[in-house]
Amino acid sequence: MQTTQNKSFEVGPLQVTIYDDKQQLGTAAARYGAHLLQDAIRERGRARIILSAANSQFEVIDALTAAPGLDWSAVEVFHVDEWIGVPDTHSASFRRWVRERVARRVRPGIVHYLAGDAANLEAEAARYAALLAAAPIDVSFLGFGENGHIGFNDPHEADLNDPQPVRIVTLDERCRRQQVGEGHFPDLETVPAFGFTLTCPTLLSAAHILCCVPDLRKAEAVQNALEGPISSACPGSFLRLHTQAHLYLDPDSASDLKLNS
């Protein structure tokens, strides 16, 4: 891999840029994301996006919802995952995250919520899959978990050829411990063992992927994604197969990379 003076490089078709801090990282990703959404609205009258409701996305979502000139009434929003059995009033609910950080701020035209507490979980997965399939997705805004997951596609569940667009998965212990470390649950025992997730093919089906991965605790996942094999051992590595994917890093998350090797 070769770096340039602006700390940008490519790993296959994947575009990678290291910014001075996560505020710059989020601002840059939001600026490009807003441009892509404006293009989609201009060309087709609407834009469809998938959002990862995670701590790593605070900066990009704050900047995106403040972007000038973006017609949010023409934007259709999906989210990546949700806990099974957790109501949308719970502080860790991803529906609540999207509602508070996006829906209430900018009033998108449509927000599709994935209900992890639905009475019929199989029917809920099928309902959400049908909504996703109704038209192409313009942008997936993603991140990596500490174990390299995208969405709730942990290494033991991630499948590049998954036949299901949306499904229930079991969550590995490292993923669940991350939720405790981020303050969403008080201890491991209270973290749900199951979640809904959009599968890897669904996330990668977007025309563009903007993946924001700041913080030192993500350095191992970033190194595995960029310098390891493309495999389910690090689902983030699948981004290297996408021709319009951008990975946004800060010095901490990029600290384990062997950039000059």
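This report describes selected local features of a predicted model.

## Arg48 in strand β3

R48 belongs to strand β3, which spans residues 47-51. With a relative accessibility of 2%, R48 falls under the 20% cut-off and therefore counts as buried. A polar atom of the R48 side chain lies 2.6 Å from the backbone oxygen of L131.

Leaving aside residues up to four places away in sequence, R48 touches E76 and F78, the pair L131 and L132, and a series made up of A134, A135, P136, I137, D138 and V139.

In helix α2, which covers residues 58-65, the buried residues are E59, V60, I61, L64 and T65. The elements that cover these buried residues include the helices α1 (22-44) and α3 (94-106), together with the strands β3, β7 (139-142) and β10. Strand β3, one of the elements covering α2, is also the strand in which R48 is placed.

Helix α7, formed by residues 219-227, has A219, A221, V222, Q223, A225 and L226 as buried residues. Among the elements that cover them are the strands β1 (8-11), β2 (14-18), β10 (208-213) and β11 (245-249). Strand β10 is therefore named in the cover of α7, and it is likewise included in the cover of α2.

## The three-strand sheet β5-β9-β8

Three strands form an open sheet in the order β5-β9-β8, and their pairing is antiparallel. Because β5 (81-83) and β8 (166-170) stand at the edges and each has a single partner strand, one side of each is left without a neighbour in the sheet. From one strand to the next, the twist averages 25°.

The pairing of β8 with strand β9, residues 194-198, is antiparallel and extends over five bridges. Within this pairing, R167 stands opposite T197 in β9. In general terms, the strands of a sheet pair through backbone hydrogen bonds, in either a parallel or an antiparallel manner.

A119 is placed in the loop between β6 (110-111) and α4 (121-133). Its relative accessible area is 91%, and since the cut-off for exposure is over 50%, A119 is exposed. Between A119 and H246 there are 127 residues of separation in sequence, and their C-alpha atoms are 37 Å apart in space.

Methods:
Residues numbered from 1 in each chain as written. Predicted model: local features only at pLDDT ≥ 70, side-chain atom pairs only at ≥ 80, totals over all residues. Heavy atoms only, no water. Helix = DSSP H or I, 4+ residues; strand = E, 2+ residues; numbered from the N terminus. Buried < 20%, exposed > 50% of the residue type's maximum accessible area, 1.4 Å probe, protein only. Polar contact = N/O pair within 3.5 Å; in protein donor to acceptor, adjacent residues only side chain to side chain. Contact = heavy atoms within 4.5 Å. Pairing = 2+ DSSP bridges. Axes fitted to C-alpha atoms, helices over the stretch in contact; angles between N-to-C directions.
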